[in-house]
Structures are given as structure tokens and as C-alpha cells.
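Consider how the chains of this assembly meet one another, and which parts of each chain take part in the meeting.

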Amino acid sequence: MEKNLTHIALFAALIAVLGLVPKIELLSGVPITAQSMGVMLCGTVLGARRGALAVLLFLVLVAVGLPLLAGGRGGLGVFASPSVGFLIGFPVAAFVAGFIVERWTAPVGIAAFAGAVLGGIVVLYAFGIPGMAFMLDKSLAEATALSTPFFPGDLIKAGLTALVTRAIAQMRPGALLSRG
Amino acid sequence: MAAGKQTGIELIGAGYAVAGKVILSGLDLTLTESRIGIVGRNGSGKTSLLRLIAGLVAPSTGQVRVAGLTPSKDRRGMLAALGILFQNPDHQILFPTVGEELAFGLRQIGQTEAEARHAARILLASEGRAHWEDAATHTLSQGQRHYLCLLSVLLMQPQTILLDEPFAGLDLPTQARLARRLAALPQRTLTISHDPAAVAGCDRVIWIEAGRVHADGAAAEVLARFAAEMARLGDQDADTHLAG
Amino acid sequence: MLTLTSPVKTWAHRLPAWGKLLALCAYTVLLFALQAPLAMAVAALLPAALIASCGGSFAITSLRMLRPLWPFVAVVVLWHLWLGDSAGGAVVILRMLAAVLAANFVTMTTQLSQMIALIEWLARPLAPILSPRALALAIALVIRFIPVMLARTEAIAQAWRARSPRKPGWRILLPTTLAALDDADRVAEALRARGGAG
């Protein structure tokens, strides 16, 4: 169906755009890259299947040589770097986030936050940390230690994802495909 | 290009409703003239009428027929019967380069990539724009993008072309060029607009108001009444009624 | 759309994409099988030699693409210096750089259209659930709409700046996402109007 195709394609484009815009500043003045929020939004807005496909499509385009990752990175090289685990985990994270929003009947903002945390943090790091451990010849505990500074920022991103998802649910109820 | 009954557009008792809200009702029209105009205020239902005729939505009641086909069902068949020029080219252009964009429609009707590209090249050359083939679509100016959309439609050689507010937002020279081009087209054109000037040259004008046919006949007469009513409404205060 | 393919035409540009990709996979497997620092250093010479054979500006671009790795290099260097295991650290760093250089070499010497064709070929077994036309269309749509959405996000940011002294923050996420949803609906319609994606 055309609607599935266009939603998947345009949200893949959204992830790219969120990597290309200048870093968003939080209230405290700390810059964060918005791209991982794009990944979580794919899940919470489009649902598990479409969200994962959108992220996969994005990764395909990165792999074929487009500089779409934050910082203008792209090409096959990013899949050979220590952060490859996170890249592989992105579509799974979107799937889990979407799955929770689709299946859990809690208010959409809460479900989206839970989805973003479980998908965008727990599941994502479940892929990212072993990937990094393997690439850097470190133990899982050591790799986890290297990643901990990023948790607070990711928690905030999960919160923002939930806010945006809830706002969309209020403004365009029909557009939230995850709660179609 | 035959403009007879067999390629015509028919609406038989057609109506369209969304989520319980009636948008169009009681449409009984047979459209066979060469130049047809549809006028109405914003929100009158005229864009939904275009969608109905184009088969982008199915009627809730009654029937819609284009060249004997059911538009909402026979999407492939409709490609030869109907072409649509949407209001905003950015919502219409699908491909990153001009050549791909033009070739797409022909591939949809079964031509090979090579055949489609060849036909696109010939069309561009005949328009003096052979160098456009590899241009990135997002680098074209707004007028050029409109033009590209029109070329994409013309390449399909449909029997009828639907035009949704074709002059909206265009500067005067571009409007004049487009109007000249549209007037010269051999196929039937159906123009939707809120501006009487856009349809003044039509053989037949239909005025849609609140989802129903309010007036239907020769351009001069219908547009005079339309303009008078619009002026009268404009003299009153803005509508404060909230839909929610 | 700007790609990472090098505009400098090299001998490697003429090689078939699938061949380069296969060689890359084999090389990467080899890299991760090696353990001794000396063997790793020798293996790392391969991408270095390939890049050097392509000229100065090519080499500079290749090296520049290594920049995002510096935090990892720094961490490994510090870590292994602290532990007194320079050899282990050298192995990790050489392997990382060699793998990334080799992978980027393939990216820089392969045209976008060739890579897309390769992806579509690889996706053929999926034809029952993913039609090749739908995949091709999806890829084209993403490439087509990134500049459009980027321009619109900039317009949204400008609208913000016209009304607020602060820099645009997370709040522009909402209109940007809404715009993506609206675009998706309209493009679906345009697609249906032109025969659909079927």
C-alpha cells in the first residue's frame, strides 16, 4: 500500500534530516544530536513494523554511501567502526518502541516514554555494548562503563520523544499509525 | 484526442462522506466538454470532487465513471484516461532527478526503463530543455517544478487532465505562460479553482457550494453569479463558527 | 544529493561493486582472525597501499573520514597505556583503522547508482514480501525528500527565530515530524494518482 511506503520513506528521510540539522540545544544549553530521537519516533509514531523498516531503509542509504549519520558520516566505514552495534540495534530499538506503543494500552505519552526507554536505551545498548566490546577487545562490563556517560542524555531524548508522540496523538489522532 | 461521451466523466448520484461528515452529496453530472471549470470557496468540497473523479477516494454513495472505468478501482486503466496536476509540485514530484521523474509514469504503464527514458528525452528536447534530464528536482525553481509536473502528466497522454488550482502562488508571467499552454492542450481539461479568472475561458463552469452543485452552465453567467456572491460574503464579517 | 563517492576517478572505480564488497568482507574476516601485532600491521598495509595508489587528495579525504574514530582511539590508547599492554592496544587500533579504511575505500570508489543496483540485486530473494519496484521507489523517495524536508526544517527554525530570542530547541521536533506525516499522506496520494506502487 502506498501509504506504508511513503510513511516509511519519509521517516527515513526524517532521521537523516535530524542528523543534518545543527544540534538541538536543551534548556541547560547542552547540545544533543536529534538523530536518535528520529529513530525512536519512527517506532512510537509509525508502529513496530513500519518504524523498523524506516530505520532499515535509512541504514541502507547510509551503507550505499550517503553521509546521513550525524556529523556527515556514512558509507560502509561506519559499519566497520566500534559503534556498529548501535547501528544494528537502531531498527530493533524502533521495533520495540513501536511494539510497546501499539500493544500497551496506557496513555500514549506514557507508552511512548516506556517504548523509548526500553527500545531506545535498553535494547539499543544491548546491541551497542557487545558490538563495542567486540570491536575494542574489551569486556562487556568495560564497554558498559564507557557508555554510561550517555545515559542521562538518552533519558532526556526518550522524554522528548514521548512528548512529541503525545502531541501528535492530540493534534492529528489519525496520523499516529502506531495507535491507528 | 476524442472528447466524446466515451471518454467523459460521469457522476451518478455520487456523494462522499468522511467519518460521518458529508462533504459532497447529490452529484449528477456528465462532463464531456473540452474545457470545464469548477469553482467554489475553500472548503466547498471542490478538492474532494477532484479526488473523487480521480479515484483517489471512492464515493460513499452513487457512482463515478471515467471513460467507462471506475476510477477508485482501476488505477492502471485510469493512467490513460486521466492525468492530475496537483497544487503543490513538492507534493507531486517523487524522484530526485528530472529524467527519473518523467520516466516513472511510462514505466507504470509497462514500458521499460530504456523506452521510458528515451521518450522523456524526446519530450525534453522538443521543449528545448534537453539539459534538464540529469538536473536535481529540488534545485528547480518553483515555476520550473510546476512545469516539470505538467510535463510528467503530458507524457502520459491522458484523455483528460485535472488541474487543482493551477495558478495558485505563481507570479504573473508564469501564470500567463501556463494559461497559454493549458489553452492549447488537445485533451480535455477540468480546472478547479476559487478564482473566477482561472476558469473564465471554459466551455462550462460548475459552482460547488457546501458539497452540492449550486450552479451549472456557461462560464460568463455562472461566474457572474459566483463573483457577486463572493463579494456579498466578503462584505460580511469573517465566519466565526468553529468546526470542532 | 552529495555522496561519499570520490569525484577523483581511480582504477578502483572501474571494478564491479559486488567484487569489491566480497573482497571487503573477506578482508574484514581476516582482520578479526589475526591476533599478533606484526601480522595486523602487515594486514593494515593493504588498505593503506590501495589508498596511496589513488593519489593525494583521495588519501587526504580517506584520512579525514577517520576523524570520528578519534574518541575510540584515545580511549584505547589511554586504557592500554594504563594497563601496560601497548601491543594489545596497537592491535585494536590498527584493526579498527584498517577495517574502516578498507570499507571507506569501497564506498569512495563505487558510484551511488552501482551500490543501489547491488542492494536491489541482493534484495531479489525477498521479492515475495518486498517488491523490487517498491524498494527502488522507497530509495528514490528518501533521496528526493531529504533536501525538501531539510529546507522545511530550516523554514520552521526561521519561523521560531522570528518570534523568539532563543535558539530553536527541541520544540521544532513537533512541526518537523508533523510535516513528515503530512507529506507522507500527500505523496501517497500523488503516487496513487500515478498508478500506485504495486
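Predicted model: local features only at pLDDT ≥ 70, side-chain atom pairs only at ≥ 80, totals over all residues.

Residues are numbered from 1 along each chain as its sequence is written, and chains are lettered from A and ligands numbered from 1 in the order in which they are written.

Between chains C and A, the contact draws 55 residues from chain C and 51 residues from chain A. Two or more residues of the side of chain C that touches chain A come from each of several elements, including helix 1 (17-33), helix 5 (86-108) and helix 7 (132-161) of chain C, a helix being a DSSP run of H or I with at least four residues. Helix 8 of chain C gives the most to this side, with 12 residues. By residue class, the side of chain C that touches chain A holds 41 nonpolar, 11 polar and 3 charged residues, with Ala, Val, Leu, Ile, Met, Phe, Trp, Tyr, Cys and Pro counted as nonpolar, Asp, Glu, Lys and Arg as charged, and the others, Gly among them, as polar.

The contact of chain B with chain C takes 20 residues from chain B and 17 residues from chain C. On the side of chain B that touches chain C, helix 2 (75-81) and helix 3 (98-108) of chain B each supply at least two residues, and the largest share, 4 residues, comes from helix 3 of chain B. That side of chain B divides into 10 nonpolar, 6 polar and 4 charged residues.

Chain A and chain B, finally, do not touch, and their nearest C-alpha atoms lie 10 Å apart.

Notes:
Contact = placed C-beta atoms within 7 Å.
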